[in-house]
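Take a moment with the sequence and the fold below. Then follow the chain piece by piece.

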Amino acid sequence: MVTTFELKSIVYNIIKASNFKTILNGDIYIDEKPLNSDKNDIVIGSLSIPKEVLLPSTVLINIYAKNIKSGTSDLPNLAVLNNATKLIMPLVDEVYLESKKTYLEIEYQRDYKIDGANERVSVIRLKTRTIN
């Protein structure tokens, strides 16, 4: 049986092997980013896995981008979010990992403002299926 730890590690390793650092100045983390991070980071999380023959689950890829100062305004850094999202999506969409018997597929992507912070996040929600 695959665990949430393994699924997060699978996605983490796929993204870590990419050239995401060409777009983002931060790092990649599992479950949460450091509270004091002032960088554009990626955080990998997951939801529960039911005990079935074909184990469906969900992995969330959260791409954070700090706002840009423009005079007295904070504007969302949509270029960084868009470019990072477009870089990562093909890495994890319709991918079958033979050694893990796991299939990854994008369910949806969305973005939103983080309350109480001067940043936005792009969320890529993956559906995963693993043969038990």
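What follows walks through the sheet, the helices, some loops and the salt bridges.

This is a predicted model, in which local features need pLDDT of at least 70, side-chain atom pairs count only at pLDDT 80 or more, and totals for chains, interfaces and linings use all residues. Residues are numbered from 1 along each chain as its sequence is written, and side-chain values use heavy atoms, with hydrogens and water left out.

Start with the sheet. Six strands form an open sheet with mixed pairing, in the order β1-β2-β3-β8-β7-β6. Helices (H or I, at least four residues) and strands (E, at least two) are DSSP runs, numbered from the N terminus. Two strands pair if DSSP finds at least two bridges between them. Strands of a sheet pair through backbone hydrogen bonds, either parallel or antiparallel. Which strands are at the edges? They are β1 (28-30) and β6 (95-97), and each pairs on one side only. Neighbouring strands of this sheet are turned by 25° against each other on average, direction ignored. Such angles run from 0 to 180 degrees between N-to-C directions, and the axes are lines fitted to C-alpha atoms, for helices over the stretch in contact.

β1 pairs with β2 (residues 42-46) in the parallel sense, over three bridges. Here Y29 stands opposite V43 in β2. D31 is found in the loop between β1 and β2. Its phi is near 75°, a positive value in a residue other than glycine. Most residues other than glycine have a negative phi. D31 is partly exposed, with a relative accessible area of 46%. The cut-offs are these: buried means under 20% relative accessible area, exposed over 50%, and partly exposed in between (1.4 Å probe, protein chains only).

Now find the helix α1, residues 4-16. It lies across β1, β2, β3 (54-66), β6, β7 (102-113) and β8 (119-131), and runs at about 155° to β2. Contact means heavy atoms within 4.5 Å. The buried residues of α1 are L7, K8, I10, V11, I14 and I15. They cover an arc of only 155° around the axis, so they sit on the same side of α1. The arc is that of the directions from the helix axis to the C-beta atoms.

V80, L81, A84, T85, I88 and V92 are buried in α2. Their arc around the axis is only 120°, which puts them on the same side of α2. On the other side, K86 and P90 are exposed. What covers the buried residues of α2? The cover includes α1, β2, β3, β6, β7 and β8.

Just after α2 comes E94, with a positive phi of about 55°.

Another loop holds N67, between β3 and β4 (68-70). Is N67 buried or exposed? It is buried, with a relative accessible area of 19%. N67 touches D74, L75, P76, N77, N118, E119 and R120, not counting residues up to four places away in sequence.

Finish with charge. Side chains of opposite charge can pair when their charged atoms come close. How many salt bridges does the structure hold? It holds nine. A salt bridge is a side-chain nitrogen of Lys or Arg within 4 Å of a carboxyl oxygen of Asp or Glu.

Take E105 in strand β7. Its side chain meets that of K127 in a salt bridge (3.9 Å, N to O). The pair links distant parts of the chain, 22 residues apart, with K127 in strand β8. K127 counts as partly exposed, at 32% relative accessibility. The side chains of R129 and E105 also meet in a salt bridge (3.3 Å, N to O). R129 is in strand β8, 24 residues from E105.

D111 forms a salt bridge with R120, and the closest N and O atoms are 2.7 Å apart. D111 is partly exposed, at 36% relative accessibility. Lastly, K33, K66 and E119 are linked in a network of salt bridges.
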